[in-house]
Amino acid sequence: MEPIVDTVVIVAICVLGAALARRLGFIAPLVLLVAGLGLSFVPGIPEVHIEPELVLIGILPPLLYVAALQTNLVAFRRALRPILLLAVGLVMFTAFIVGFVVHALLPDVPLAACIAFGAVVAPPDAVSATAIARRIGLPRRVVVILEGESLLNDATALVMVRIAAGALGAAVSFWTITGQIALKAGVGVLLGLAFAVGAAWLHKRILDPLLDDAVSLLTPFVVVIVAEKLQSSSVVAVVVAGLYLGHRIPYLLSPTSRLQMDAVWRLIIFLLEGVVFLLVGLQLRDLVSHLETDVATTVRVTVLVFLTLVAVRFVWMYPATYLARLLPRIRAREERPPPAVPAVIAWAGMRGVVTLAAALTLPPTAKTRDLFVFVAFAVIVLTLLIHGTTLPMLARRLGVGEDTSAEDALAEASVQHAASRAALERLEAAADGAPPSVVDRLRALTDSRSNNAWERLGSQVQETPSAAYGRLRREMITAERHVFKIARNEGRISEEVLNRAQRELDLEESQLNRSDD
């Protein structure tokens with residue numbers, strides 16, 4: 001009973017923290033992290049221990065899978081070069097530099113253990129950076145690069161942690177690590193594609209939305225479990241499966257399945273992201289109680305590791321951004337970004353729960369393990385609080401941002417207009433024998449949808465026809481709901497019939513709300 005109560009308490013705190021963050025205009029992960037830090041010392045709050053398997057098998061896969069589902073595959077492919085430079089090159093570079101710095105501070109600790117710790121703190125978080133990037137309106141290519149980096153960098157880091165941790169007392173070869181990363185990632189790509197094709201085959205043949213939801217929920221966990229059994233990169237496998245399915249979901253699932261699946265995943269990700277950052281904050285009391293290293297050494301290692309992480313990311317970003325553009329082919333294909341863009345990307349290096357989970361996988365017998373776990377935790381807190389709170393201000397000061405609302409509205413109106421023309425042509429070709437009133441109604445519906453898209457480009461000074469339609473239709477729906485309420489109270493109509501009628505109104509009103517966004 002007690003674990004259930006603790007789970008309910010944690011989820012309730014996450015919901016309250018997220019609601020408070022939205023009301024105050026803050027980023028929910030930061031609010032929940034601070035709440036966890038404070039609550040970790042409050043009597044009566046459950047003492048929670050993060051198990052690495054829970055994060056790496058239970059929490060990380062769905063987060064990565066949904067992020068990959070929502071990633072534009074074409075944009076991801078176009079930005080693959082900078083993504084790989086960050087997700088593979090920068091992670092390896094950071095791991096070795098941090099490893100050498102820590103080894104210089106703690107010469108008694110084997111270099112392999114220090115490099116393993118460097119890999120622990122190397123990958124930025126998969127949630128916080130992109131959440132902030134989208135909110136402050138960073139350019140779309142920057143958001144895609146940050147998303148792609150966060151999708152793949154955990155794979156590089158986790159492979160490096162396992163190789164370096166397993167080589168304690170032996171030399172760590174750069175080429176050995178590189179070869180293992182390439183091998184495990186390659187097998188992960190093949191596994192991800194195989195499971196994605198299998199899931200697509202199932203989705204195409206399933207007609208029940210509930211079964212579609214079940215297959216979608218199972219997919220990331222099945223992929224991870226099989227990939228782990230085969231000792232390949234489970235992260236790469238999940239990401240590849242998500243990218244493949246995300247690009248094809250509009251053609252695999254029925255409209256009902258897509259709407260229902262989107263709602264299910266949004267709820268799950270909302271809860272998982274909240275729980276993750278709250279759990280990170282709640283670790284403080286437990287980590288402090290187990291720390292045996294003296295305060296001076298702990299502070300020195302923490303500060304130098306944090307500064308090294310910040311410096312290494314800046315040192316890497318500028319050559320990675322500009323040296324490649326010396327090649328004519330890349331220079332012709334990609335615009336040269338201003339220096340402010342790599343600066344913002346460099347500053348968006350917040351660490352998250354994967355760093356803590358990876359630290360907990362370090363061998364228990366390794367010397368200074370508790371110190372490494374605490375420093376990893378401190379890095380998470382410092383990067384989230386310092387970088388997370390200052391990134392919006394830095395982006396504004398440097399002028400890195402773009403307002404794409406008008407451009408998006410024009411693009412939507414253009415594609416909607418083209419779709420409407422195709423729909424009307426199909427209507428004319430298939431309308432033989434249909435009642436004229438039905439044809440006229442369908443033609444009016446198509447024209448209305450196309451006009452609504454164009455109206456979003458117009459002036460907001462006066463009420464547009466679609467806005468007037470939405471306002472009046474909501475008034476009508478309110479009256480209809482009142483009739484349903486009376487019928488329900490009188491008990492003269494079955495609940496099943498009323499729920500079906502109510503669902504029709506819910507779907508229509510949700511579409512009206514979408515039109516107002």
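Student: Why is Thr156 called buried?

Tutor: Thr156 has a relative accessible area of 2%. Buried means under 20%, exposed over 50%, and partly exposed in between, with a 1.4 Å probe and protein chains only. So Thr156 counts as buried. By the way, this is a predicted model: local features need pLDDT of at least 70, side-chain atom pairs count only at pLDDT 80 or more, and totals for chains, interfaces and linings use all residues. Residues are numbered from 1 along each chain as its sequence is written, and side-chain values use heavy atoms, leaving out hydrogens and water.

Student: Where does Thr156 sit, and what is it in contact with?

Tutor: Thr156 is in helix α8, residues 140-166. Setting aside neighbours within four places in sequence, Thr156 is in contact (heavy atoms within 4.5 Å) with Ala87, Val88, Val91, Met92 and Ile181.

Student: What makes Leu304 partly exposed?

Tutor: Its relative accessible area is 32%, so Leu304 gets the in-between label. You'll find Leu304 in helix α14, residues 295-322.

Student: And how do you know the label for Met476?

Tutor: Met476 comes out at 47% relative accessibility, so Met476 is partly exposed too. Met476 belongs to helix α21, residues 465-490.

Student: What makes helix α18 bent at Leu391?

Tutor: The bend is the angle between axes fitted to the seven residues ending at a residue and the seven starting there. At Leu391 in α18 (residues 369-398), that angle is about 40°. A proline, Pro392, follows within four residues. Just after α18, Gly399 has a positive phi of about 70°.

Notes
Helices (H or I, at least four residues) and strands (E, at least two) are DSSP runs, numbered from the N terminus.
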